[in-house]
Each structure stands twice: as C-alpha cells, then as structure tokens.
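Hi,

Here is the structure I promised to pass on. Have a look at it first, and then read on for what turned up in it.

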Amino acid sequence: MKSALITGGTRGLGRALADELRRRGWRVVVDARHEADVPGLVVGDVADPGHREALAAAGPFDLLVNNASVLGPGLSSLEKYPLDEFRHVYEVNTVAPLALIQLIPADVVVNVSSDAAVEAYEGWGGYGSAKAALDHLTAVLAVEHPDRKLYSFDPGDMNTDLHQQAFPGEDISDRPEPESVVPRLIELIESGRPSGRYT
Ligand SMILES: NC(=O)c1ccc[n+]([C@@H]2O[C@H](COP(=O)([O-])OP(=O)(O)OC[C@H]3O[C@@H](n4cnc5c(N)ncnc54)[C@H](OP(=O)(O)O)[C@@H]3O)[C@@H](O)[C@H]2O)c1
C-alpha cells in the first residue's frame, strides 16, 4: 500500500485527490485548519512548525502534495500590501512546503502552483510571487535531488472556495470542478516523468 500526505485536503483539489487516491487503495493523511468529516485528518495550520512535526510523525509517506494555500487579503496592489499579511502568504504558500519537504523524504513531491506564478496579474503580487518562489525552490530542489521526483503543478482555474475568494460575488460555476484535474495529477504522479513544472 502506498501512502500520501496532502496538505489542505478537506475541500477543493486536495479533497478530490485524497478521495481518488483512497479509492485506489492508498493510505492518505490530510490536514486543514478546521475540523471536517474527512478520513485521516490532522487538524492544524501548515504555518505552525509543531503541526508540521505532527504531520511528519504520521508517515512514512511515498508522496507529499503541498496543496494548502491562502490567497491573502483579496486583490491588493503591492504598493499597499500589508506586510504582515504578505509574510503570512509566504509562510503558508512557500515556507511551509519547503519545511515539509525537509521533514518528509517522500520519493514524489508535488507543489501545487498557479498561473499567477508566471503571469503578472494586477493585484495578485503576494500570492503570485509566493507561488513563483515555490516554483523556483522546486526547480532547485530537483537539481539537488536527482534521485527524487519534484514537480510544480498548475491545476488551472477550478470552481473552489479559493477561486471564489478571488472573484467575490461572481458566478464561477463555469470553471472546471477540481475532480476534473485529478486524473491528470495522478497520471503525473505515476508517470516517472522528469522533475519540472507541469500544467
Ligand atoms: N482554485 C483555483 O482556481 C486554483 C488555480 C490555480 C492554483 N490553485 C491552487 O490549487 C491548490 C488548491 O486550491 P483550492 O482552490 O482547492 O483551495 P480550497 O478549495 O480553498 O481548499 C483549500 C484547502 O486548504 C486548507 N488550508 C488552507 N489554508 C491552510 C493552512 N494554512 N494550513 C492547513 N490547511 C489549510 C483548507 O482547509 P481550512 O480552511 O480548514 O484550513 C482546504 O482544505 C492551492 O495551492 C491553490 O493555490 C487553485
């Protein structure tokens, strides 16, 4: 039986991936800040070092998926971005994934990225630059660990709470459901393809 740790596994993409891996016989541990009726849930914030230690203790894991992310304070120009919130976005979206990679020697690591890491969208400077940093540290880790598979994965737009937060009041039901992305993500995980950035 293979085992996976998926951060942010109670909603959206993380939940959909966890459900499918379980259906395929994997042992799956997930986390989230809030209680939810999800098997294998360890409640906590990935930005908390004590919580990360608890996650690592639930291993060993063959697969680590750094999926949990925060958007930050909605759309905010960098000129006015509150720096404490900027630091928090980096703590969750960039520092926590690296910290978990340091703690968990999984053969396959997926760091969930975004097109905002590549494109310069007005108002997305906190989230986008944190994801760009995540992409770059994934690329460097891949060079430092040729024996492991380290992937950045951009899932594209999805109909989730995080996406709704980015488009408040807008009908986002035309965006693909996170379940539609899961087959592609599992295909990547099982592919043995070279480390790198995939969309
Ligand atoms: N949705 C999109 O259109 C889109 C596009 C590109 C990239 N992405 C990326 O896809 C990934 C999944 O996003 P999603 O849209 O599926 O998000 P989502 O539906 O909002 O789900 C986020 C999950 O992460 C958990 N979470 C959030 N902050 C956390 C923290 N600090 N510690 C632990 N758990 C935390 C949430 O639970 P709690 O709230 O209980 O903590 C929830 O289970 C993210 O990396 C996101 O950046 C999404």
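One term before we start: a polar contact is a pair of N or O atoms within 3.5 Å; within protein, one must be able to donate a hydrogen and the other to accept it, and residues adjacent in sequence count only if both atoms are side-chain atoms. With that in mind, a polar backbone atom of Asn 67 is 2.7 Å from an oxygen atom of the ligand. A backbone N or O atom of Val 46 lies 3.0 Å from a nitrogen atom of the ligand, and a polar side-chain atom of Arg 11 is 3.2 Å from a ligand oxygen atom. On its own the ligand exposes 900 Å², and the protein buries 97% of that (accessible areas by the Shrake-Rupley method with a 1.4 Å probe; for residues, only the protein chains shown count as cover).

Some housekeeping: this is a predicted model, where local features need pLDDT of at least 70, side-chain atom pairs count only at pLDDT 80 or more, and totals for chains, interfaces and linings use all residues. Residues are numbered from 1 along each chain as its sequence is written, and side-chain values use heavy atoms, with hydrogens and water left out.

Now the surroundings of the ligand. There are 31 residues around the ligand (a heavy atom within 4 Å), and the closest are Arg 33, His 34, Asn 67, Tyr 127 and Thr 160. By class, this shell has 11 nonpolar, 13 polar and seven charged residues (Ala, Val, Leu, Ile, Met, Phe, Trp, Tyr, Cys and Pro are nonpolar, Asp, Glu, Lys and Arg charged, and the others, Gly among them, polar). H5 gives the most to the shell, with three residues (helices are DSSP runs of H or I, at least four residues, and strands runs of E, at least two, numbered from the N terminus).

Where does the ligand sit? It is in the largest pocket (more than half of its atoms lie within 2 Å of the grid points). A pocket is an open set of points on a 1 Å grid over the protein atoms alone, with protein on both sides within 12 Å along at least five of seven lines; a cavity is a set where a 1.4 Å probe fits but cannot get out, and lining residues have an atom within 4 Å of a point. About 960 Å³ of space lies in this pocket (points are joined across faces, edges and corners, and the volume is the space filled by probe spheres set on them). Of its 44 lining residues, Asn 67, Ser 69, Thr 160, Leu 162 and His 163 are the closest to its centre. H5 supplies the largest share of the lining, five residues.

There is also one cavity of 30 Å³ or more. The largest cavity has a volume of about 40 Å³, and its lining includes Leu 71, Trp 124 and Tyr 127.

Lastly, the peptide bond from Gly 59 to Pro 60 is cis, with omega near 5 degrees. Pro 60 is in the loop between helix H2 (49–57) and strand S4 (63–66).
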